[in-house]
Amino acid sequence: MLIDCGSCVGDRTEFLPYVQNLISYVEGKLDLLVITHEHQDHINGFAKCEAEFEQLEIGEAWFAWTEDPNDPDQRALDLLSKRQKARLGLRNALDKLHTNRAQIRAEQVNLKANKQALVALDAFLDGMDTLGGINLDESPKVKKSLAGMRAVKELLVRKQVPIRYLKPGSSLALSTLPGVCFHALGPSLDRRFIYAEGKEGQDTYRRHEVMGEGVLAMNSLATLGQEPTEADLPFASSYVVGATGFTMPVPPHQEQAQELFDQYLGPDQAWRNIENEWLYTAGTLAIRLDSHINNTSLALAVELGKGGPVLLLPGDAEYANWAGWHAVEKWKGLGPNGTHFVEDLLNRTVFYKVSHHLSFNGTPLDKGLRLMNSPDLAVMVTLDRTRISSRWRTTMPNKRLLQELTERSQGRCILMNESDLACTSTTTFDLDSLGEARYQTVKHANRILAKQYTVYMT
Amino acid sequence: MNPPYFRQLRAYSFDPSLSLRLDTAAINHLTYKIEWEPVASGPVGEYVEVIDYDPTVRRFYLPVDLNDRYLLAQNGLEPSESNPQFHQQMVYAVTMTTIKNFEQALGRKIQWAQRRTLDGPNYEEYVPRLRLYPHAMRDANAYYSPLKKAVLFGYFSSTPADDTQLMPDSLVFTCLSHDIIAHEVTHAILDGIYEHYSEPTNPDVLAFHEAFADIVALFQRFTFPEVLRHQIARTRGDLTSQNLLGELAQQFGTAIGGYGGLRDAIGRRDPNTGQWQPKEPNGDEYRQQTEPHARGSILVAAVFEAFLSIYKVRIADLLRIASGGSGILAQGELHPDLVNRLAAEAAKAANHVLTMCIRALDYCPPLDITFGDFLRALITADVDSVRDDRYHYRLAFIDAFRRRGIYPRGIKTLSVESLRLSVIGTSEEYTRSVASQEVFAELNSMLREYAVSIKYQSDRAIINAITRHFIQKLDTGVDGDTPGLHQYIGYHFAASTEFASLTGLAFIDNPKRVGVHTVSYGPGPSFQLLNLRLVSRVGPDGLQINHVVFYLVQRSGVCLRNDKVAGCFNLQDKKEEGGDEETQRMQFRGGCTLILDLDTMTLKYVVRKPLLDLEIWTKSRGEQAQVDAARAERQYLYMQKGQHQHHNAYTQYFGEHVQQMSEPFAFLHQH
């Protein structure tokens, strides 16, 4: 079973050895491929190493319902086109900001106390590039899905692999794995959870999962550079001066227009122009898009035998996705003492793949981590700070979360690369003391996949 | 024919959402009375220019011509969300109302912050008009940009938490909210007085900016009699219960998914039930809350509580009269006459509170302000203009601040006497020192000249030009040898132990030993002299004050090692801030506001944030000069760590300085 395949840095040459190693490890055959969500760092491997995956035998593939092109309620398509629009807007804003970068700098360079502003500008663009890196394709053309997602879907169609689109509340099994049950927890079908903001607290940010507020900005960013139509304007066109940009309109507005143009465009007025300020709105849009895509993650709980230990694999689910699990109607009261089944699954979790690489809102406390109270809990984090761009390094890891995870798992907290993380409890517990049957780091030359933790079915 | 005194313009008293509610529709349309001034279409007047350019579609919207005969005849355009010309009219009307409230309280004309450049004469440029862009972005936000000297209003589509509160996806314009306009314009006015208040050197500075802007927005609405009468009738005179007057930005708050106003001075909604509850103050918030808006709301609540106490005292007799002596009103609606009388008292109390707050600005330190400093300024300003505090206004303020754990540093007891700044002019030390009396008398007579020269000027550009000339005397040909105020101070106090003790600034020989560089024309320390102004006003009991106020600011380079001050460096070194692994470099400012009394020809008050450690300085009798390490370390710790405690996706992705880029004064910080 393979879940996602991607990396936000590195080209094909760098990525290839891992894929080759993977293929040889599974001896050319996957029983199950799970694609959680479309972010580049999760699935661009399929685009980078298309030819290699072509040779791989794949039993079946699972996606979240949000990727279903035939979703009967059109909800998936609706989300898809919204995302495409947001991406188009983000792409345009990013291009425009880069084009105008020199001009924005020049505007500020002649001002005192500009140093901070310039630092801020660079940091902002850096952040935009970072978010753009995983939410956009490299090519300037914006398509419905990202390259990795397109590649993997085409691959599966070519190879005629059966695909399933999972809705929350469904439970599946594989004939090759008797006794093991896969429960789909999210993404929720309820728009409250796809779009909703979490409650403000230690484990979530507000406002960034709401796409609605940014709709207007998104619209104008998506049509940037084109002449606005009547529908793009907030007012009736009779209030608008001139039919196009700064060209002179016909009377009766001609004189007024000239005055306005002079006031705004006059040679000594350039410093007060506001051509670029509104583009910064793209910052919130980018965060919203990013969060939204994370929340379309297919979250799975793998139950090893009825009532047995559970592996929790939530993709990059953020707060809203987790909150949705607890609202799955048909699982209500199925846990012991009338608790929700999801609570039961979390109680039994012995292996948790940490959601969203230890970011601030990847793991909710009350709805998630605090329910994982098995004494055997081990957590694994797909975060290698030597392989992510600088801006991600400020958001990941969330040190408080890391500490909480380490404490809960009594030190069985596995990171891809912990070298530059100073968290005392990770260093006091020696993972090697678990024994090779439990935990292995790869020391053999022919194995480059990094770390292995083994869970046994009881 | 002479022009009229007022121009009447219709606008919303709150925002468009209240026009759709049966209970408030009647009071939401208001006619603003604005002092008459010639306006060009835009509107463009003396203080502001409304430029309705929408960069998101690259279009101008037709500017309104307020001189149009038909518009004059009907008090401007009728309130409408779909007519951008009405938007322009409302932005203009509310902005001018805010400006005039300030001018009335301050007793002088307001000026916008100068534009500081790296070239041009004296690196500053006079900005006659604040620019207002009613449709500048598509975002649930509005901000004053200190860089552009402009207010940018956004518009967005609403996403209410509950579809029954507001139509989802309907357009919301921040430029149609009285509160948002007043809030942002207040930021601009405050920036024109204290430009260093945009530097977050302690957790209170930006919070003060936000709080002050909210206070002005809140109390300005008490000047609308219809609104006031309506709310007093509805709450039966009890303004501590839920009411519109304590809530800010109703439509905005609902549109971004909240319940009711964005901020509320007296209560809060339970996030789960949506039920309103009164807010009980405690000291924890002030200790823990660091986000500027949230921290600012503590100050807003304190001021609002002071207002409510004052109001209660003022209406106690009315309630007794109306209730046959019991003080407990009978069931049912209040008599309209009683409502009128209560409203009049509320309006009066609100006006007093707003005036007290605005006047206090003249008594604040020029940088690094804390809420405690503001309390002291408030008390001092009030003692200066009102002798007889019949209704115990000052106590009401002290009490409200105390209940929130806000105390000024360095006072030994809490009372009106100890909070009031000490008057230098009558102090023993000052009267003993003949030298300082002479110097300040000379300074005062210079300033008297200045006062006379601008007293009768009403043109803001001329006032600005005279003031600048007086400080700098650039064209020395005309004035012979008399130096400008800056040079006068630079010469007379170049190394004056007394002046250094008084101001806490490095007026010492070899100022480089505390990281302050020297002026170009001598060995004295360099310093900035800012915001020279004449404060001339008459209190309610006829008490007249004639002050000249200005402030001095000095900056020094401080090195820190392990969070402790470890020496100084010269800021003119190209390396400036930063430093190596172990030593951090930081710019550290000290400053003081000097208030001189033209009547007694003395220095009356000094409000200071010393650059020097005054304890060491005094103990060594002016031998040892060191920077105020305690304050510098606090500042360092706050700027390095404290400021960024509140996790916030926006700053994590886009860097800690992102708010500095364009929106330190955003109505809502991105998070």
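# A tour of chains A and B

Start in chain A, where an open sheet of 4 strands runs in the order E1-E2-E3-E4, with parallel pairing. Select strand E1 (2-3) and strand E4 (163-166) of chain A. These two stand at the edges with a single partner strand each, so one side of each has no neighbour in the sheet. Keep in mind that this is a predicted model.

Now select residues 29-34 and 57-64 of chain A. These are strands E2 and E3; they run parallel and are joined by 5 bridges. Pick out Leu30(A). Its bridge partner in E3(A) is Ile58(A).

Stay in chain A for another sheet.

Click on Leu300(A): its bridge partner in E9(A) is Leu313(A).

Switch to chain B and show the whole chain. Its secondary structure comes to 23 helices and 21 strands. Of the 671 residues in chain B, 52% are buried. Take the contacts in chain B with a separation of 6 or more: residues 24 or more positions apart account for 63% of them.

Colour chain B by domain. The domain assignment gives domain 1 (1-193), domain 2 (199-421), domain 3 (428-630) and domain 4 (641-671). Show domains 1 and 3 of chain B together. Taken over C-alpha atoms, their centres are 37 Å apart. Where they touch, 8 residues of domain 1 are in contact with 11 residues of domain 3. The domain 1 side of this contact divides into 3 nonpolar, 3 polar and 2 charged residues.

Next, select residues 6-12 and 29-35 of chain B. These are strands E1 and E2: E1 spans 6-12 and is joined to E2(B) by 7 bridges, the two running antiparallel. Ala11(B) stands opposite Leu30(B) in E2(B).

Which residues of E2(B) lie on its covered face, and which on its uncovered one? Leu30(B), Tyr32(B) and Ile34(B) form the covered face. His29(B), Thr31(B), Lys33(B) and Glu35(B) form the uncovered one.

Follow the chain on to Glu46(B). This residue sits in the loop between E2 and strand E3 (48-50) of chain B. Buried, exposed or partly exposed? Glu46(B) is partly exposed, because 18 other C-beta atoms lie within 10 Å. Glu46(B) and Arg129(B) are 83 residues apart in sequence, yet 6.6 Å apart in space, C-alpha to C-alpha.

The last stop is a pair of helices. Two packed helices are described by the angle between their axes and the distance between the axes. Select H3 (residues 84-106) and H10 (residues 336-360) of chain B. Their axes come within 9 Å and cross at roughly 75°. That makes H3(B) roughly perpendicular to H10(B).

Show the side chains at the crossing. H3(B) contributes Asn101(B), Phe102(B), Ala105(B) and Leu106(B). From H10(B) come Leu354(B), Thr355(B), Ile358(B) and Arg359(B). The residues of this contact divide into 5 nonpolar, 2 polar and 1 charged.

Technical notes
Residues are numbered from 1 along each chain as its sequence is written. Chains are lettered from A and ligands numbered from 1 in the order in which they are written. This is a predicted model: local features need pLDDT of at least 70, side-chain atom pairs count only at pLDDT 80 or more; totals for chains, interfaces and linings use all residues. Axes are lines fitted to C-alpha atoms, for helices over the stretch in contact, and angles run from 0 to 180 degrees between N-to-C directions. Angles under 35 degrees count as roughly parallel, over 145 as roughly antiparallel, 65 to 115 as roughly perpendicular and the rest as oblique. Two residues are in contact if their C-beta atoms, placed from the backbone, lie within 7 Å. Ala, Val, Leu, Ile, Met, Phe, Trp, Tyr, Cys and Pro count as nonpolar, Asp, Glu, Lys and Arg as charged, and the others, Gly among them, as polar. Domain bounds come from an automatic or database domain assignment. Two strands pair if DSSP finds at least two bridges between them. A residue is buried if 20 or more other C-beta atoms lie within 10 Å of its own, exposed if 12 or fewer, and partly exposed in between; C-beta atoms are placed from the backbone.
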